[in-house]
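Subject: Structure handover

Hello,

Here is the structure for your files. My notes on it follow below.

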Amino acid sequence: MDTISDQRAFGGRQLVLRHKAETTACDMTFSVFTPPQKGPRPAVMYLSGLTCSHANCTEKGGFQRIAADLGLIVICPDTSPRGEGVADDEGYDLGQGAGFYVDATEAPWAPHFQMESYITRELPELVRGAFDISAMGVFGHSMGGHGALTLAMRHPGLFGSVSAFAPIVSPLNCPWGEKAMTAYLGADRKAWEGHDACALVKARGFEGEILVDQGMADNFLAGELKTHLFQQACAEAGQAATIRMQAGYDHSYYFIASFMEDHLRHHAAALAG
């Protein structure tokens with residue numbers, strides 16, 4: 001790993017790192033906050049949404065103070081492969097900045113867009129080797145909330161806790177999901193079910209409790225996010241879940257920062273066990 005920056009924050013260190021990733025066949029940049037406590041510490045991986053990179057939550061999420069208090073390592077990966085020779089699209093909701101945390105099978109995306117393997121295999125192995133991590137959780141926002149929910153259920157035992165801010169809960173039933181899943185996985189909608197949180201919670205579920213916060217003033221709630229579908233799916237499956245509809249909050253990082261402490265405490269409590 002190459003160190004891009006290393007800064008003190010609340011007694012810990014906020015690092016930005018870069019490495020050559022085998023899964024995505026390009027350089028990947030991510031951030032790691034390490035708290036001041038010594039010895040093995042739990043870690044939580046934050047997955048960002050469309051158009052974002054590692055920097056959005058690192059700089060605007062407001063997690064460093066409470067992560068330092070709780071002794072949590074916080075890892076913020078990028079949302080997609082990037083660089084010269086990596087496929088892209090003119091739309092903000094496909095291509096670079098919009099990996100959707102799946103392993104693409106279709107051209108021209110398959111050579112680089114292997115984000116599920118990167119998030120669940122290569123990056124965890126890398127950070128476990130570099131930092132003293134005792135357990136790992138996952139959370140995210142919007143497209144990253146989709147990634148957190150689906151990857152936690154698709155890879156049982158990898159993540160000991162999961163939560164989401166304003167997640168895309170059903171790519172099968174929203175324009176963002178339909179565009180991305182068709183491009184990355186092909187036209188067979190049956191293949192998409194394994195990446196749909198509503199379908200997964202019924203088929204597999206998650207061993208612990210799921211925490212979701214959704215702003216009721218979110219412009220994307222009705223058309224893209226459809227939180228009620230996940231509420232219904234959890235109820236039908238008997239999945240332990242706390243789904244909070246927050247009046248007046250939108251889709252921005254002001255919303256995320258407002259409830260970041262609740263999510264970090266959720267993860268710290270689950271990972272302590």
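Tyrosine 46 and phenylalanine 139 are both buried, where buried means under 20% relative accessible area, exposed means over 50%, and partly exposed is in between (1.4 Å probe, protein chains only). This is a predicted model, in which local features need pLDDT of at least 70 and side-chain atom pairs count only at pLDDT 80 or more, while totals for chains, interfaces and linings use all residues. Residues are numbered from 1 along each chain as its sequence is written, and side-chain values use heavy atoms, with hydrogens and water left out.

Aromatic pairs

There are eleven aromatic pairs in the structure. Rings of Phe, Tyr and Trp (its six-membered ring) pair if their centres lie within 6.5 Å; planes under 30 degrees apart count as stacked, over 60 as edge-to-face and the rest as tilted. One of the pairs is tyrosine 46 with phenylalanine 139, edge-to-face at 5.0 Å centre to centre, with 80 degrees between the planes. The pair links distant parts of the chain, with tyrosine 46 in strand S4 (residues 41–47) and phenylalanine 139 in strand S6 (residues 133–141), 93 residues apart. Helices (H or I, at least four residues) and strands (E, at least two) are DSSP runs, numbered from the N terminus.

Tryptophan 109 and tyrosine 184 also form an edge-to-face pair, at 5.5 Å centre to centre and 90 degrees between the planes. Tryptophan 109 lies in the loop between strand S5 (73–76) and helix H3 (115–130) and tyrosine 184 in helix H5 (residues 175–185), so this pair ties together parts 75 residues apart in sequence. Tryptophan 109 is buried, at 5% relative accessible area, and tyrosine 184 is buried at 0%.

One aromatic cluster is formed by Tyr46, Phe139, Phe165, Tyr249, Phe255 and Phe259.

Salt bridges

A salt bridge is a side-chain nitrogen of Lys or Arg within 4 Å of a carboxyl oxygen of Asp or Glu. The count by this rule is twelve. Among them is the bridge between glutamate 116 and arginine 154 (2.8 Å, N to O). Glutamate 116 lies in helix H3 and arginine 154 in helix H4, so the bridge ties together parts 38 residues apart in sequence. Glutamate 116 is buried, with a relative accessible area of 6%, whereas arginine 154 is partly exposed at 22%.

Another bridge joins glutamate 261 to arginine 265 (3.0 Å, N to O). Both residues lie in helix H9 (residues 253–272), four residues apart, about one turn of the helix. Salt bridges that share partners join Arg65, Asp69, Glu261 and Arg265 into one network.

Helix H4 (residues 143–154) is mostly covered: eleven of its twelve residues are buried. Among the buried residues are Met143, His146 and Leu149.

Threonine 227, in helix H8 (residues 227–237), is buried, with a relative accessible area of 2%. Threonine 227 touches Gln214, Leu221, Ile243 and Met245, not counting residues up to four places away in sequence; contact means heavy atoms within 4.5 Å.

The whole chain

The chain has nine helices and nine strands. Of its 273 residues, 59% count as buried. Residues 24 or more positions apart account for 71% of the contacts with a separation of 6 or more. Along its principal axes, the C-alpha trace spans about 50 × 45 × 35 Å.

Regards
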